[in-house]
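Notebook open, structure loaded. I want to look up the sheet first, then the helices, then a few side chains.

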Amino acid sequence: MAVSAPPVISATSSGAGVPGGLFRAEPLYSTPGEPPRLTPNMINSFMASNHSGSAGGGGVGSASGGSGNTNTNTNECRMVDMHGVKVASFLMDGQELICLPQVFDLFLKHLVGGLHTVYTKLKRLDISPVVCTVEQVRILRGLGAIQPGVNRCKLITRKDFETLFTDCTNAR
């Protein structure tokens, strides 16, 4: 009985057939002090590789059939510009909702003590975040908007974020 050897992938291989290749052409960070930015190539690569053949025929832009969910675009993630940085957003019930942990990490963590402080401010400002679905969390994790170990996430409207941001900057 002959045993076949696993294929060898050269370090200089172009990575044909692998979305994005073996190595990234563009750097993850523009400069050492700048936060990472999701490039369109990274987003398209993720969407093509992780969601093109999902069971139930649902891709990134649709919910799986038969679940009774009438809003078919709750899992459609778009990258929107906020203060010059691209952040992940979902369109739910006609409202654009952005990822709270991502905007905390990008804009608020140097202004407040921690995420707990942000939740306290949200209560005081009467802002009610929306809890992400499991699929939305997976999408956000895959895009790098939230950390790999995160199992829960909340979304807020752009207007609510601006209210929260103003409150955080005025509290200093």
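**The sheet.** I traced five strands forming an open sheet in the order E1-E2-E3-E5-E4, with antiparallel pairing. For my notes, helices (H or I, at least four residues) and strands (E, at least two) are DSSP runs, numbered from the N terminus, and two strands pair if DSSP finds at least two bridges between them. Strand E1 (77–82) and strand E4 (130–131) are at the edges with a single partner strand each, so one side of each has no neighbour in the sheet. I then checked E3 (residues 95–99) against E5 (residues 154–157): they pair in the antiparallel sense over three bridges. Cys99 has Leu155 in E5 as its bridge partner.

**What I'm working with.** This is a predicted model, where local features need pLDDT of at least 70, side-chain atom pairs count only at pLDDT 80 or more, and totals for chains, interfaces and linings use all residues. Residues are numbered from 1 along each chain as its sequence is written, and side-chain values use heavy atoms, with hydrogens and water left out.

**H2 against H5.** How do the axes of H2 and H5 cross, and at roughly what angle? The axes (lines fitted to C-alpha atoms, for helices over the stretch in contact, with angles from 0 to 180 degrees between N-to-C directions) of H2 (residues 100–108) and H5 (residues 158–170) come within 12 Å and cross at roughly 35 degrees. I listed who is in contact (heavy atoms within 4.5 Å): Leu100, Val103, Phe107 and Leu108 in H2 meet Phe161, Leu164, Phe165 and Cys168 in H5. Sorted by class, that contact has eight nonpolar, no polar and no charged residues.

**Rings.** I counted three aromatic pairs. Rings of Phe, Tyr and Trp (its six-membered ring) pair if their centres lie within 6.5 Å; planes under 30 degrees apart are stacked, over 60 edge-to-face, the rest tilted. Phe107 and Phe165 have ring centres 6.4 Å apart and planes at 80 degrees, so that pair is edge-to-face. Ring pairs link Phe107, Phe161 and Phe165 into a cluster.

**Lys121.** Is Lys121 buried or exposed? Lys121, in helix H3 (residues 115–124), is buried, with a relative accessible area of 11%. Buried means under 20% relative accessible area, exposed over 50%, partly exposed in between (1.4 Å probe, protein chains only). Leaving aside neighbours within four places in sequence, I found Lys121 in contact with Val112, Leu164, Asp167, Cys168 and Ala171.

Methods: Nonpolar A, V, L, I, M, F, W, Y, C, P; charged D, E, K, R; others polar.
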